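Me: I have a chain open and want to learn how to read its features. Can we take them one at a time?

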Amino acid sequence: MKILKFGGSSVANQANIKKVFEIIQKSQSEGDIAVVFSAFGGVTEVLLNSAAAAKNGDKSYVQDIKILEDRHIELVRQLFPINLQSPVLTYVKVRFNELEDLFHGIFLIKECSPRTLDYVASFGERLSAFVLAEALKVEGFNSKYLDAREVVRTNDRFGNAKVDFPATNDLILDYFHNNSTIQIITGFIGSTSKGETTTLGRSGSDYTASIFASALHAESLEIWTDVSGVMTSDPRLVYTAFTIPQLSYSEAMELSHFGAKVIFPSTMMPAMKKGIPIYIKNTFEPSNPGTLINGDAPSGKLIKGISSMSDISLLNIQGAGILDVIDVNRRIFSALSSVNINVILISQASSEQITCLAIKSFEVTLAKEAIEKEFFHEIRNGEIDVVHVISDLAIVAVVGENMKQNPGASGRMFQALGRNNVNVYAIAQGSSELNISAVVSKSDLQKALNALHEAFFLSDNKVLHVFLVGVGLIGQALIKMIANQQQKLQKENLLDIQIHGIANSRYMAFNEDGFDLKNCPLPEAAEGAKEMDLDKFISQMESMNFSNSVFVDCTASQDVADFYERILEAKVAIVTPNKKANSSSLEKYKNLKKLAGKRSVKFLYETNVAAGLPVINTLQDLMLSGDKVIKIEAVLSGSMNYIFSELEKGAPFSEVVKLAKEKGYTEPDPRDDLSGMDVARKILILGREAEQDLHFEDISIQSMVPEDCVEAGSVDEFFHKLMGHDGEFANLLAEAAERGEKLRFMATLENGKAKVGLKSLDNSHPFSTLKGSDNMILFTTERYHDFPMIIRGPGAGADVTAAGVFADVIRLGNYTRS
Ligand SMILES: NC(=O)c1ccc[n+]([C@@H]2O[C@H](COP(=O)([O-])OP(=O)(O)OC[C@H]3O[C@@H](n4cnc5c(N)ncnc54)[C@H](O)[C@@H]3O)[C@@H](O)[C@H]2O)c1
Ligand SMILES: N[C@@H](CCO)C(=O)O
Ligand code: NA
C-alpha cells in the first residue's frame, strides 16, 4: 500500500486535477493506494477569513462564500458529464447551505470558538475529497470517499488536536480491512471521541497522510506538491540551488526547521517511527524523482543543504558578575519562556562570561525587558550589564549527517564566509554535528548562502560573477572571448564565468542569472537598461552580493579608477587594463595594493603594460624571488611603434596615426599615445612594480603632439590639424634614414629617473627590428646582469589586450578555488 497526498495547489483547478488523476492512474497500476487531499487551493484561507469577518460583523463574508460556492460548482461542471453532475452538485449545495447557516450564526452571536473554527475549516477537505472521489469514479477508478473524522481520533485541543494513535490505528486498520476500493481521504481533520470535528494544525494534510501510512504500514508515503522536493537552498536566493535526492529523517527535520518549508517536521513523525520512506514529488513535473526522505545512512556530500532564517536579533547577557552561570542561564530561559519567546540559537564560550541568544527580531524588545526585569538587582549593582542587542541579522546553517566525525565542514564553511567578506556574529553547533549555524548580517544573507552553496555543492565548479564597466573595443572583445571559451572552461577548468552587469559611459544594465554571452547586448540595448551612474552601478553590484565577484574596468577613465578603494573594501576583486589608478599618486597605488591584501582580494592589471604580454607578472615574480631591477629599457607603446615603423613605408604621419586608431592600438584619444603620457604611465607602473618609489615628476616626457593639436576640441579636429604636420614628421624620418638609423619611441628607467621620448637608433639596436604593434621590454637586474631579460611581442590591439584581461580573470578563478 502506498499513500499519496496532494496539496491545495495540485488541485487548484481542472487542469491541475487532470495531472493529479494521471499520477493516481499510474500509481494504482503499480499496486494498492490510498489518496489524501487538501482542500482546493486557497479554500481554507477563505473559510477562515470569512469566519473572522462574520465574527466581526462584517457582511463581506456572504459574497466571499458565494464566490467559493460558485468555484466548487464550476469545478463540478468541468469534471463531470452533465448527466452525472446532479448528485455531486447536491452534495456541494447542501454543504454550502450548512456553511451559510453556520456563518449566519457566527455573525449573529459575534463569536467563533476554536471548536466552531475547526468545524468551518473541515468543509474545505470534505468538499474537495468528496468531489474528487466522485470524479475519479467517473474516470473509471474504484474510488470511495472517506471522511477522516470516522477514523482519526483526537483530543479536543481544537486547532491543533493531538492524535490518539492506538484508537486511530485500530479504526484505520478496521476500516481498510476487506476494503478493496481506493480510499479518497480528507486531509487535515479528525474528531474527538464525542464526534466533535477537530483539525490537526499546520500542514495537517501531510500529517493525515503520515498517520494513514503508519497505521497501514505503507510501503511509502508520497507528498505531491508544487516543487520538486527539498532543495539545497532557497532557490529565490541561490539561483544554483538544486533538488536534494535523498535526506535522512533528521536532516529533513533540521532543514525544514530553518527555511525549507517543504515538509513540516512533526508531520513526518508517524511515518518516520515506522521507517516508511517519504517522497516529496512535484505534481507539475512528475518525472522528476524529487526528494526521498528515509532512514538510510548518510552518504555522498559532506552536507545536504543550507538553510536560513532572516529577521534575527542577538541578545548578549554579560558582566563581570556572572559567576554561577548555571543559574544565570536558568533564569534567562525562564524569563524568556514566561513571555513565550522561542530561543533559536544559543552560544556560550567556555569562559562562561557571556551568554548569547538568537531570537526573532519582532520579539526583541519583549525579550530584553523580560531579561532585564529578571536581573534587575544584578544590573543595578553592576554585576550584569544591560542586555546588549544586535539586530538586522540572519542565520545560515549547513545541515548534514555526514559532518559527524568528519573534520573539515566547519573549516570549509567559515573559510567560504570569510573569503567573501561575511562577518560572523555568533556560531552554534551541537554535538550531534548535524547542523552548524552562523549568525550573519541580514544584508549579507544572500551572499553568505551563495558562498556556502558554492563551497559545498559547486566546489568542483567555481563561479566568477563579473561586473564589466567599459564595453568598448576591449570590453566587447573580452565578452566574445569568454563566450567562446565558456563551455571549455566549465568542463576542463571547472570554472564558470558569468557577467551580471555591463556599462559604458551612457548606459548600464544588470542580469541576475548572467547575460547570455553568445548574444550579449550592448548596455544601451539590454533589457532594463538605465542611464549610467557609477555610484549606482557599484551599489547594485554590492547589493547583488555574489560570492567571488569581479569588477572588470575596461575604460580609460579616472572616475572609474576612483572607485577602486570602495570596490576592494567590499571584497570584490578588480581586473583592469586601465592604467589610471596605478599611475596616479604613489600613495594611492600603494594604498590599493595594501587594501587588496588586507581584504584578501585580488587586484590584477597585467594589461596595464604591454597588453597581454606577461610583463607585470614576470616583474612581480622577479621581485618576490629577491631580484633587484637595475635598469628598464622598453618600447611600451604598440601604437607609437606601429606609427613609426609604418612611417618607414612612406605613408603620411596623420594617416598612419589614423590607421593605428582604426586597428585599435591607440588610447580612446590618440593624443594620450602621441604625447607620451600613455608610455609615461606604463614606465611609472613598471618602476613601482620594481619597488621604486617613483612619482610622475620623476619622468621626463617628450611629447609628439604638435602645439596646435593639443588644443583641438575633438579627436576629429585633432586629426584634421595633424595633417598640417605630416611634412615635419617626414623630415624627421628622412634625417634618421640618412644617418642609417630608425625612430623608436622608448622609455628608460635607471637610478630612480625615467625618460620617455623619440630616439634615433642604429640598425643593430634590438628595438630597430620591432614591427607593427610590437612592444619590447629589457630588464637588467642583479640576476639578469650581463644579458637582460627580454620580453617581446604585440603590445596593443583588441585581441591581445582582451586575452590578457581574460587571463587575469581566469587567474582569479584559480586563486579563489577552495
Ligand atoms: N587598445 C589597446 O590595445 C589596449 C591595450 C591595453 C590596455 N588598454 C586599455 O583598455 C582600456 C579600454 O580601451 P578601449 O580601446 O576598449 O577603449 P574604448 O574607447 O573602445 O572603450 C572604452 C569604454 O569605456 C566606456 N567608459 C568611458 N568612461 C566611462 C565611465 N566613466 N563609466 C563607464 N564607462 C565608461 C566607454 O563608454 C566605452 O564603452 C583603456 O584603459 C586602455 O588604456 C587598451
Ligand atoms: N594605447 C596603448 C595600448 C594600451 O596600453 C598602446 O598603444 O600601446
Ligand atoms: Na602585460
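Me: Start with polar contacts. Which side chain does the side chain of asparagine 282 contact?

Reply: First, remember that this is a predicted model. A polar contact is a pair of N or O atoms within 3.5 Å. Here the asparagine 282 side chain pairs with the side chain of serine 228, at 3.1 Å. The asparagine 282 side chain also reaches the backbone nitrogen of phenylalanine 284, at 2.9 Å.

Me: Where does asparagine 282 lie?

Reply: Asparagine 282 is in strand E9, residues 278-282.

Me: Is asparagine 282 buried or exposed?

Reply: Look at the relative accessible area. Under 20% means buried. Asparagine 282 has 7%, so asparagine 282 is buried.

Me: Which residues is asparagine 282 in contact with, leaving aside neighbours within four places in sequence?

Reply: The contacts are Trp224, Thr225, Asp226, Val227 and Ser228. Ser228 is also the partner in the side-chain polar contact.

Me: Now serine 233. Where is serine 233 found?

Reply: Serine 233 sits in the loop between strand E7 (220-225) and strand E8 (246-248).

Me: Next, helix packing. What describes two packed helices?

Reply: Two packed helices are described by the angle between their axes and the distance between the axes. Take helix H7 (residues 204-215) and helix H9 (residues 265-273). Their axes are 7 Å apart, at an angle of about 10 degrees. An angle under 35 degrees counts as roughly parallel. H7 and H9 are therefore roughly parallel to each other.

Me: Which residues of H7 and H9 meet?

Reply: H7 brings Asp206, Tyr207, Ser210, Ile211 and Ser214. H9 brings Ser266, Thr267, Met268, Pro270 and Ala271. The residues of this H7 and H9 contact are five nonpolar, four polar and one charged.

Me: Give me a second pair. At what angle do helix H3 and helix H5 cross?

Reply: Helix H3 (residues 60-79) and helix H5 (residues 114-138) cross at roughly 10 degrees, and their axes come within 11 Å. The reading follows from the angle: H3 and H5 are therefore roughly parallel to each other. H3 makes the contact with His72, Val76 and Leu79, and H5 with Leu127, Val131, Leu132 and Ala135. The residues of the H3 and H5 contact are six nonpolar, one polar and no charged.

Me: On to backbone angles. What is the phi of serine 203?

Reply: Phi of serine 203 is near 55 degrees, a positive value in a residue other than glycine. Serine 203 lies in the loop between strand E6 (197-199) and H7. Its relative accessibility is 32%, so serine 203 is partly exposed.

Me: And what is the phi of leucine 494?

Reply: About 50 degrees, positive although leucine 494 is not a glycine. Leucine 494 is in the loop between helix H15 (473-492) and strand E18 (495-503). At 34% relative accessibility, leucine 494 counts as partly exposed.

Me: Now separation in sequence against separation in space. How far apart are glycine 430 and isoleucine 346?

Reply: Compare both numbers. Glycine 430 and isoleucine 346 are 84 residues apart in sequence, with 10.0 Å between their C-alpha atoms. Glycine 430 lies in the loop between strand E15 (424-429) and strand E16 (435-441). With 38% relative accessibility, glycine 430 is partly exposed.

Me: How far apart are the C-alpha atoms of alanine 167 and valine 151?

Reply: They are separated by 8.3 Å, for 16 residues along the chain. Alanine 167 is in helix H6, residues 165-176. Its relative accessible area is 24%, and alanine 167 is partly exposed.

Me: Finish with the whole chain. How many helices and strands are there?

Reply: The chain has 28 helices and 29 strands. Of its 818 residues, 55% count as buried. The accessible surface is about 34,900 Å², with 51% belonging to carbon and sulfur atoms. Take contacts between residues at least 6 apart in sequence: 72% join residues at least 24 apart.

Definitions and conventions: Residues are numbered from 1 along each chain as its sequence is written. Chains are lettered from A and ligands numbered from 1 in the order in which they are written. This is a predicted model: local features need pLDDT of at least 70, side-chain atom pairs count only at pLDDT 80 or more; totals for chains, interfaces and linings use all residues. Side-chain values use heavy atoms; hydrogens and water are left out. Axes are lines fitted to C-alpha atoms, for helices over the stretch in contact, and angles run from 0 to 180 degrees between N-to-C directions. Helices (H or I, at least four residues) and strands (E, at least two) are DSSP runs, numbered from the N terminus. Angles under 35 degrees count as roughly parallel, over 145 as roughly antiparallel, 65 to 115 as roughly perpendicular and the rest as oblique. Contact means heavy atoms within 4.5 Å. Ala, Val, Leu, Ile, Met, Phe, Trp, Tyr, Cys and Pro count as nonpolar, Asp, Glu, Lys and Arg as charged, and the others, Gly among them, as polar. Buried means under 20% relative accessible area, exposed over 50%, partly exposed in between (1.4 Å probe, protein chains only). Accessible areas come from the Shrake-Rupley method with a 1.4 Å probe; for residues, only the protein chains shown count as cover. A polar contact is a pair of N or O atoms within 3.5 Å; within protein, one must be able to donate a hydrogen and the other to accept it, and residues adjacent in sequence count only if both atoms are side-chain atoms.
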